[in-house]
Amino acid sequence: MSDLFKNIVSHSKEYGFIYPSSEIYDGLSAVYDYGVYGSELKQAIKEYWWKAMVYAHENIVGIDSAIFMHPRIWKASGHVDAFNDPLIDNKDSKKRYRADVLLEDYMAKIQGKLDKEIEKARKRFGDGFDEKMYRETNERVAGYQNQIDEVNDKMNDALRKNDLVALKALIDSCEIADPESGSRNWTDVRQFNLMFNTQLGNIAGEEGKLYLRPETAQGIFVNFLNVQKTSRQKIPFGIAQIGKAFRNEIVARQFIFRMREFEQMEMQYFIQPGSELDWYAYWKEKRMNWHLALGTSPDKLRFHDHENLAHYANAAVDIQFDFPFGFKELEGIHSRTDFDLGSHQEYSGKKITYFDSDLNESYVPYVVETSIGCDRMFLATMSNAYTEETVPDAEGKDSSRTVLKLPPALAPVKCAILPLIRTESGLTETARKLFNDLKFSVNCQYDEKDTIGRRYRRQDAVGTPYCVTIDHQTLEDQTVTIRERDSMSQERVPIIKVSSIISEKVSLEPLLRKL
Ligand code: ATP
């Protein structure tokens, strides 16, 4: 783990954003609880997504379907037969790994060496450094690149063909060792289904087997007709949903990046067959803009086309974010064709078609979906926001602070109300009155304990964008100071204007208008 990543994990725990699940029982691997501030931040992320998708589009509507669904749904969707990861066990350490992840880590190590060579050369050659030329002509760098490309091609080929023997052979030929024990004593590669299952109480055996949904999308597909009829939408239109999903991940690590219980924000867009690549391009751009509108640097986001398409897709791309452990998938945009609706039509025996009055014909609609993990978005938001910096204290001396530079609209606490001196008569009363005025429009905190400097630091650490201080002058002229978190600048304003100033600054509306 990089130092930055370790710091984000410990900050999240210490300041009430994320706790390991069941901690007093030593935790449950890859399951986490959102704490005092984390639950607020997560809620704000969901609100930003929901408003951007559902409120901002007259042709997108929302639903909230159940986690349990008829077991045949997972047969129809392909999850029973094909929602597998290739796993491999180490016979000495008894540890279990994903075969493709072992290979990806192996390639990442070579990539690390390659990057180091490039950095060394950049320092050596200074301003005149031509990176492209160096990559092509330096033997060592070109050799590393060839090694990566060769392993990547072989791995993708094996995954595409579902050739588990070839995957094992590749792990052997790369001489990959168990990262924990160093042993190369591996079992064969096997397929492992990622769905959790449970049993209905009143039906024994296979018939009563229920799955915990591994994606929210199927709840949307099986409700297509219900929603279309009750919302009177015409194609193209979308159905959005936020909800829990469950996957029995083999390698659960990297904190909330890969969890066994997580939350998805998905939207399925139903369209005319043949128009899917246009809508795919449209949603790619729309979704990238959603991320950029938060102020995320464009250098930290990129598209990554899928090389191995899932069984249901004819085009797929990830929006990757530069997490503290490198660029990884944050969101997926998939052109799912008519696979899901067509398959549910076949398995359920119910006709799932749409009569298009413009074309005067019926068809099974095609689908383009956008699917983002709320928890991954949470981690990306924390990674963007977490900052350690040196700033002047009240006496102008250097002091260090840890501050979460969260977009104000997402911050868990929008505003802190701070009477400068607890004992000065009238200050706490005025401060409480202001708190009571504000509390129904934005999430506020009242704090009168410790020095004002300490209180500012506490609010910085949870990302509160505005601190309102009530001081002696307030009693004389009814003005207060508003301190802005990032610049730490202070502005004196009339107390009666505080509510409207803060509400405007923390509003989601300007972000949504940018989209
Ligand atoms: P990965 O390749 O990282 O396993 P995936 O391609 O299986 O992800 P999708 O099935 O496309 O993921 O799911 C859509 C989104 O759900 C992902 O972009 C991610 O943000 C989120 N997601 C998927 N699996 C997990 C998980 N185990 N924990 C947290 N979020 C997840």
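## Salt bridges

The side chains of Lys13 and Glu23 meet in a salt bridge, with 3.1 Å from N to O; the term denotes a side-chain nitrogen of Lys or Arg within 4 Å of a carboxyl oxygen of Asp or Glu. This pair links distant parts of the chain, 10 residues apart: Lys13 belongs to helix H1 (residues 3-14), and Glu23 to the loop between strand E1 (18-20) and strand E2 (32-34). Helices (H or I, at least four residues) and strands (E, at least two) are DSSP runs, numbered from the N terminus. Lys13 is partly exposed at 34% relative accessibility, and Glu23 is partly exposed at 41%. Here buried means under 20% relative accessible area, exposed means over 50%, and partly exposed lies in between (1.4 Å probe, protein chains only).

The model is predicted: local features need pLDDT of at least 70 and side-chain atom pairs count only at pLDDT 80 or more, while totals for chains, interfaces and linings use all residues. Residues are numbered from 1 along each chain as its sequence is written, and side-chain values use heavy atoms, with hydrogens and water left out.

## Further pairs and a network

Across the whole structure, a search finds 38 salt bridges. Side chains of opposite charge can pair when their charged atoms come close. In the bridge between Arg122 and Glu131, the closest N and O atoms are 3.0 Å apart. Arg122 is partly exposed, with a relative accessible area of 34%, and Glu131 is also partly exposed, at 26%.

Asp340 and Arg336 form a salt bridge whose closest N and O atoms are 2.9 Å apart. Asp340 counts as buried at 2% relative accessibility, and Arg336 is buried at 0%. Elsewhere, salt bridges that share partners join Glu389, Arg401, Lys405, Arg457, Asp460 and Arg483 into one network.

## Surroundings of the ligand

The ligand is surrounded by 16 residues, of which the closest are Glu249, Arg258, Met259, Glu329 and Leu330; a residue counts as near when one of its heavy atoms lies within 4 Å. By class, this shell has five nonpolar, five polar and six charged residues. The nonpolar class holds Ala, Val, Leu, Ile, Met, Phe, Trp, Tyr, Cys and Pro, the charged class holds Asp, Glu, Lys and Arg, and the others, Gly among them, count as polar. Strand E10 (261-271), strand E13 (326-337) and strand E16 (366-373) each supply at least two residues of the shell. E13 gives the most, with five residues.

A nitrogen atom of the ligand is 2.8 Å from a polar backbone atom of Met259. A ligand oxygen atom is 2.9 Å from a polar backbone atom of Gly373, and a polar side-chain atom of Arg376 lies 3.0 Å from an oxygen atom of the ligand. On its own the ligand has 590 Å² of accessible area, and the protein covers 86% of that area, as computed by the Shrake-Rupley method with a 1.4 Å probe.

## Position of Met259

Met259 lies in the loop between strand E9 (237-246) and E10. Met259 counts as buried, at 4% relative accessibility. The C-alpha atoms of Met259 and Val462 are separated by 24 Å, and the two residues are 203 residues apart along the chain.

## Helix H2

Helix H2 (residues 38-55) has 18 residues and reaches 24 Å from its first C-alpha to its last, close to the 26 Å expected at 1.5 Å a residue. The expected span is 1.5 Å times one less than the number of residues. Among the buried residues of H2 are Lys42, Lys46, Tyr48 and Trp49.

Note on methods
Polar contact = N/O pair within 3.5 Å; in protein donor to acceptor, adjacent residues only side chain to side chain.
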